[in-house]
Amino acid sequence: MLIPSPVATDHAGFDIDPGSRIKGMHAIVSLAFDRVDVTPIWNGLMQRVTADGTDAAAMFDMATILQSLGRNEDALQVLLGAVALRRNFCVVHGDGQGPRLLAIVTPGDFMANTPLDFLLEGSNCVLWLHYVDANTTALTDLPKHDVAFMAIGEAPENLAVLERMRKVLADFPGPIMNNDPELISRLTRDGVSAMLADEPSILSPRTFKLMRQDLMAIASGTKDFDDCAPGLSFPLVVRPIGTHAGHGMERVANTSELALWLDVQPACEIYVAPFIDFRGADGLFNKQRIVFIKGRPFASHMALSEHWIVHYLSAGMAQSPEKRAVEQAWMENFDTDFAVRHQESFAALYRHIGLDYFGIDSAELPDGRLLVFELDVAMVVHNMDNAVVYPYKHVAMRKLFNAFIDRLIGEKVIGNDEALLNCLVSGGDERLDCDEATGLNMYGYGPSPRPQDLPFSSSTASTISASAFAAVSSYHADLLREAERRSAADIYGREMAHMRTELLRLLGLEQGSASSKVDAIMATSGTDIHLFAAALLAHQDDLPLMTITLTGSETGSGVMTAASGRHFMSRVSSDRPVAKGEELVAGHATRNMTVAVRNADGTLRSEEEVESELRGAIELARAAGLRCLLVVTDVSKTNLIAPGLDTVFRLKARFGAMLDILIDACQFRVSAATIRAYLGHEFLVAITGSKFLAGPIFSGALLCPPQLSDRLKLRQLPAALGDYCAKADWPAGWAARDALPHRANFGLLLRWKAALFEFRRFVETPAEKVAAVMSAFADAVKLRLERDPAFELLDARAIDRSRLWDGSSLSCWDEIPSIFAFYLRNPHHRSGVLNATETAMVYKNLAAQQSDDAPIRLGQPIRCANFGDTPASALRICLSAPLIVQACASVDGLDTLISQAMAALDRTAHEAAQFAATPIEALFA
């Protein structure tokens, strides 16, 4: 909840220093826009500076006046002088009792930074401008604020400061909007056109950045476009790089016109793009400016012009009631008309950009596509037009401004409330607990985003992405507001039902008739699912149960314990302490046996050997009057399907009803089609949202096919399971609900919310793009691990699910490996690899922040071999759904992903070399 303070205060708690107070851009530019004489203001500022040469606030406002009069070079010199005296300047809107917004800005003209002052018109906000440059190494003098905003826009002169901010803001301690300086730096005209090149609903003309000498050669006929800009031809639009508002831009139809343009334009670097005739049916060129706030589009203005260079002030809008009528209809019907027609385009834009705030200049083409001219975070969005002439604009702009203020309030509530972070790590066992000093859990992860990390650890765990965190933050705020007037348990029941429905929808398991319905039992972790499955299947037909699982190195350390019907941790999701290893119900523990799929040296056992062991064990169980549950891992920690599916189907055919199958797909590296196929064979399927989907740990679900649901839904659960789950975690119609408490577990709800956010983005990404990214990544990583003497690949086999499809092959992304396990070589050891202790230290060092190097997150070491008396562990480099989506989102996304993976392996090899060269004993001497 926003609690207004009686006065706006700085970080020390005193009234705002008058020396920082400025009139600001909106106040001064509005006067100039209305042609009001600003001479009296200028004279007053001059008097202040004459009396006190250190009056930085007066100098700042003088610079703004100079800019509004078009004297940009003079304005910049005055502004630099002001910033040299102080870094912080303050604009107070209204009574100053609203949110305090801190803008990270850099010296420049009106389009150097997001013009936030205009967006705050009519509010009670306090806007702090904190100036930085390429030499800024830390933010040590920030004023007190509620929300920050990375406001520096893309421009050639801003590239160095954006790169600096990428590092400086990586660990910003509070809520900060648009905190992706690297992405902003890529919003060049050629960068945007490349980003959007593959979007069918968008036309962003391919733009080339060419040197002057190349264009001169083309103009003279000594060079062809194919030599430097393949596919380009006349007519062209040319413009000097770094210009805005059409300055220097021209349409050239041939080499002669190009030569004439070059004669008057001295620019060294030039943007060149094909000319697109975007005239409408009325013969006019139209351009719409649209602003996106957290992905939601808002109309800013629409201009119609007889000239192809469309600018609002020169388009004759004020003089043409007909043009204004078109703009009015567009703005008033924007949400129900234009935004609906272009929802695919808008979704694609937000998917690629993902910033809290950005704008586009666009036009609607006759074929229905959206023509995007420009995408930027620093477009001027204002409400200065005459209200008598443009009454409709003030309504639309107020709507836009209110949405921005609401976003600030939402970010303030989230940023100031530790309840969200606490909630994300609640409702589970001690694996969620975070160390007070580091803020990290036992796996080295916390509840906050860490965008600076190189995240290749999804086989173990992941840090929530910034985008998912934003979605969860907003959702959590809504939950808290509703919880003030409704029972938390009732809210949880409704929302968990929605979460279940959405999960099934994304899996293509939409609810049909009762007889064909797949049920989903929600759980706090994958390990909990094994406990639930054992409880559900135990003592069917009054027969004891034996579960058969893989060893923990391929599944999880607690799986065997949970599968035997015992407490696997020392605390449960209800926060009640329990005795780890104790039977859930005294005297009713399930028997468990484990099967190894690797030999002692880490090599894979033959499938025939594994099948023979399983067949013998199940035969003995049947002779002893037991039922069996075989847990099949697809895929394991090292990317195996184990046991193989040919073995599974032969065993099922041999033992029939006394053998149930649980597919442990907790890594979730399986497609929806594969999951549906498993369910079609009447197998249970366990999934989680915290591995491949990279949601925060932990969240799980047990999927039950209709036939098994009918068999199991009438079974009662042990009362002790009431400490592990709530009534709403189980589907309606299951008797198990009767024994469970009506309580809320908002931690589980938020973690599933984040996981489904990532799942939805992954499902919306074209499958062929996903497969292409995964194949290229797999090829690059395997080649590196095979050829680099620093590494040795762990023995593996190809993913084979042909038996699931009755022998045929269904080409799908989940046949491509996404976990790559490897040893670290040590030529000085007789085993040839680092031992388990050394590998663990490499893993720890990689995850630690080291100077400017990004922390590298790999899958944690798994003990998979013993070479003589030396235990060895393998590290893992893994793909995740968010990494794949990001790689698919732009032309250079895949190259960036592979480059980051190679950098991670470079650092890993370097760290390993320290141990290979130095005996472990010496490191502790």
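How are α24 and α27 oriented to each other?

**Entry 1. Basis.** I note that this is a predicted model, in which local features need pLDDT of at least 70 and side-chain atom pairs count only at pLDDT 80 or more, while totals for chains, interfaces and linings use all residues. Residues are numbered from 1 along each chain as its sequence is written, and side-chain values use heavy atoms, with hydrogens and water left out.

**Entry 2. Two helices.** I looked up helix α24 (residues 746-763) and helix α27 (residues 881-888), which pack at an angle of about 40° with their axes 9 Å apart. Helices here are DSSP runs of H or I with at least four residues, and strands are runs of E with at least two, numbered from the N terminus. Axes are lines fitted to C-alpha atoms, for helices over the stretch in contact, and angles run from 0 to 180 degrees between N-to-C directions. α24 and α27 are therefore oblique to each other; angles under 35 degrees count as roughly parallel, over 145 as roughly antiparallel, 65 to 115 as roughly perpendicular and the rest as oblique. I found that E758, R761 and F762 in α24 meet A881, P882, I884 and V885 in α27, where contact means heavy atoms within 4.5 Å.

**Entry 3. The five-stranded sheet.** I traced an open sheet of five strands in the order β15-β26-β27-β25-β24, with mixed pairing. Two strands pair if DSSP finds at least two bridges between them. The edge strands, β15 (454-456) and β24 (791-793), each pair on one side only. The twist from one strand to the next averages 40°. β15 pairs with β26 (residues 856-867) in the parallel sense over three bridges, and F456 stands opposite L858 in β26. Helix α25 (residues 767-787) packs on this sheet and touches β15, β24, β25 (819-824) and β27 (870-878).

**Entry 4. T839.** I located T839 in helix α26 (residues 836-847). At 0% relative accessibility, T839 counts as buried, that is, under 20% relative accessible area with a 1.4 Å probe and protein chains only. Beyond its neighbours within four places in sequence, T839 is in contact with L824, L834, P861, S873 and L875.

**Entry 5. Strand β21.** I checked β21 (residues 659-665): seven of its seven residues are buried, so the strand is largely enclosed by the rest of the structure. L659, I661, I663 and A665 point one way, and D660, L662 and D664 the other way. β21 pairs in the parallel sense with β19 (residues 627-634) over six bridges and with β22 (residues 684-688) over four bridges.

Conventions: Buried means under 20% relative accessible area, exposed over 50%, partly exposed in between (1.4 Å probe, protein chains only).
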